[in-house]
Amino acid sequence: MERRAIEEEINKLQVEKLRIESRIISLQSQLNQNGQQKQLDDKNLSGWKTTSSPPYGDHGLSKELIYRYSRHLLLPDFGIQGQANLLNSSILVVGAGGLGSPVALYLAACGVGRLGIVDNDIVELNNLQRQIIHTEAFIGKHKVESAAAACRAINSTIDVIEHKGALLAVNALDIISKYDVVVDATDNIPTRYMINDGCVLLNKPLVSGAALGLEGQLTIYHYNGGPCYRCLFPTPPPTSACQRCSDSGVLGVVPGIIGCLQALEAIKLASSVGVSLSGRMLLFDALSARIRTVKIRERSLNCDACGENPIFTKKLFRSFDYENFTETPIFDLSCENLMLLSKEARGSSNEYEELLNNGKPHVLLDVRPAHHFQIASLPNSINIPLPNIEKELFTIDSALKEIGQCKETDSLYVICRRGNDSQIAVQILHQNGYSTAKDLIGGLISWANLVNCDFPIY
Amino acid sequence: MMHLTLEFGGGLELLCESVKSHNVDVVLESVGEKEGKLVMRDLLCWVKTNLIKERPEMFLKGETVRPGVLVLINDCDWELCGTLDAVLEEKDEIAFISTLHGG
């Protein structure tokens, strides 16, 4: 077997191992939960929903529903009509992650008649910091199952529909057509364009939210003559401008706040109450505690999706390649993909381990941002973040000098998180005369997978 | 000289040393000023020269902002105010917001 193939096999097995471990944790917490559930059943709290009285008004709400939603009914601006509209409506939530969690929880609680949830993902431990609909018991299970179970636990009187699997151009129209309102709670740009085009084709209002880092954005597309996503963004941004939560991080409560606001806007649309955000965009900046609403452009008559001569038909939509259009994959493939360097300028984690064991004098340069370096780093590595390398070559020189080496000797190694930035760093080093600098393939993730499974992955 | 507040958000602040809000004085002579008026086209050049510290291609493409950036003049989409030809006034607040996709 070729070295690379072996490494890939090891990677695969590591993932499998994580999955099995998660499954064990999940089963253990299920054991605990079953105990608690039994106590609840013994108290027989659910008697109220077994009876159903004839309606005392023309709204059709039973005595049980009037009691359940009484705080809504007391609102003069919402009232029995708003609630009746909500109960007769259907809303599709695309994505059961950081945004989708509060959206689905609130929509279930407030009594949307039919609530659909789409997601293809599995619950992982590092989701729970923000995806509050999921619990430890569901690690390793489908997010859709987990989210639906949480919604049903809150409100057993509504219809919760599970759409397990990704929303793709081939199935999107069939799914979207079953709902009145669509909530975009996804995390990637090809899916955002696709949901938009699908909603325009089927004439559904789209409540679109996004969050990253400490900021969030929210608006409603294709409603009441307002613009659609393509009116605002006819050309997709360059791939390098599209940050993901798995790279840039996100404070859990930030998508929580945007998700709550998405739920609110969806409820307003479904119950025909209030003034929607159509034509305006809400911008949230958590660090400065600032929320502002700005006026956005009108619907564009030249828009490919909703303009006067749209290019999209249902047939074209189904075969449209959104990943190619946006040059971005739908699924987050957090693995090495850059191939900048020749074979000779790269080394594997195992080769580096060998070098450590042989006691070969060398300098290990870690080019991650300082706040990454603080999470975990290899012993004796020095941290110079990628953008600073050219300014701080002297630090490398003095580190090499300290161990009796110099620029040209084969003793400088570069590492990063995944093995992309380290290649860029080695290119820079080569240009500056460090002709034998090498990077470590797959970065620290590969180190953790191949050499030291105790090294933390984040 | 014109006093303006410039804001960067949605990740664009990373191009100007992670500072989101800039109170700046733009000297009219220093830009391609026409009849004493400062238009957005001039301001974009000024920002690129004076505030953007790295990866200018993440801010501008050709003479306008790159796809995926919303420009707001006093909380209003610049598409509603003339885009590159929008005339700026003293104490205007201009925001450059990169659209987010995370969730």
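Predicted model: local features only at pLDDT ≥ 70, side-chain atom pairs only at ≥ 80, totals over all residues.
- Helices (H or I, at least four residues) and strands (E, at least two) are DSSP runs, numbered from the N terminus.
- Two strands pair if DSSP finds at least two bridges between them.
- Five strands of chain A form an open sheet with parallel pairing, in the order β9-β13-β12-β10-β11.
- β9 (346–347) and β11 (381–383) of chain A are at the edges with a single partner strand each, so one side of each has no neighbour in the sheet.
- The partner of β9(A) is strand β13 (residues 438–440), and the two pair in the parallel sense over two bridges.

**Antiparallel strands of chain A**

- Strands of a sheet pair through backbone hydrogen bonds, either parallel or antiparallel.
- Strand β5 (residues 206–212) pairs with β6(A) in the antiparallel sense over seven bridges, and A:V207 stands opposite A:I220 there.
- The hairpin of β5(A) and β6(A) has two residues between the strands, and A:G213 takes a positive phi near 60° in it.
- β6(A) also pairs with strand β7 (residues 280–285) in the antiparallel sense, over five bridges, with A:E215 opposite A:D285.
- β7(A) in turn pairs with strand β8 (residues 290–295) in the antiparallel sense over six bridges, and A:M281 has A:V294 as its bridge partner.
- Four residues lie between the strands in the hairpin of β7(A) and β8(A), where A:A289 takes a positive phi near 50°.

**A closer look at β6(A)**

- Buried means under 20% relative accessible area, exposed over 50%, and partly exposed in between (1.4 Å probe, protein chains only).
- Seven of the seven residues of strand β6 (residues 215–221) of chain A are buried.
- In a regular strand the side chains alternate between the two faces of the sheet.
- In β6(A), A:E215, A:Q217, A:T219 and A:Y221 point one way, while A:G216, A:L218 and A:I220 point the other way.

**Chain B as a whole**

- Chain B has one helix and eight strands, and from the N terminus on its elements run β-β-β-α-β-β-β-β-β.
- The radius of gyration of chain B (taken over C-alpha atoms) is 13 Å, close to the 13 Å from the globule rule (2.2 Å times the number of residues to the power 0.38) for 103 residues, so chain B is as compact as a globular protein of that length.
- The C-alpha trace of chain B spans about 45 × 30 × 25 Å along its principal axes.
- Of the 103 residues in chain B, 55% count as buried.

**One residue of chain B: B:E7**

- B:E7 lies in strand β1 (residues 2–9) of chain B, and B:E7 is buried with a relative accessible area of 11%.
- Contact means heavy atoms within 4.5 Å.
- Not counting residues up to four places away in sequence, B:E7 touches residues including A:R290 and A:R292 in chain A, and B:K20 and B:F96 in chain B.

Note on methods:
Residues numbered from 1 in each chain as written. Chains lettered and ligands numbered in written order. Heavy atoms only, no water.
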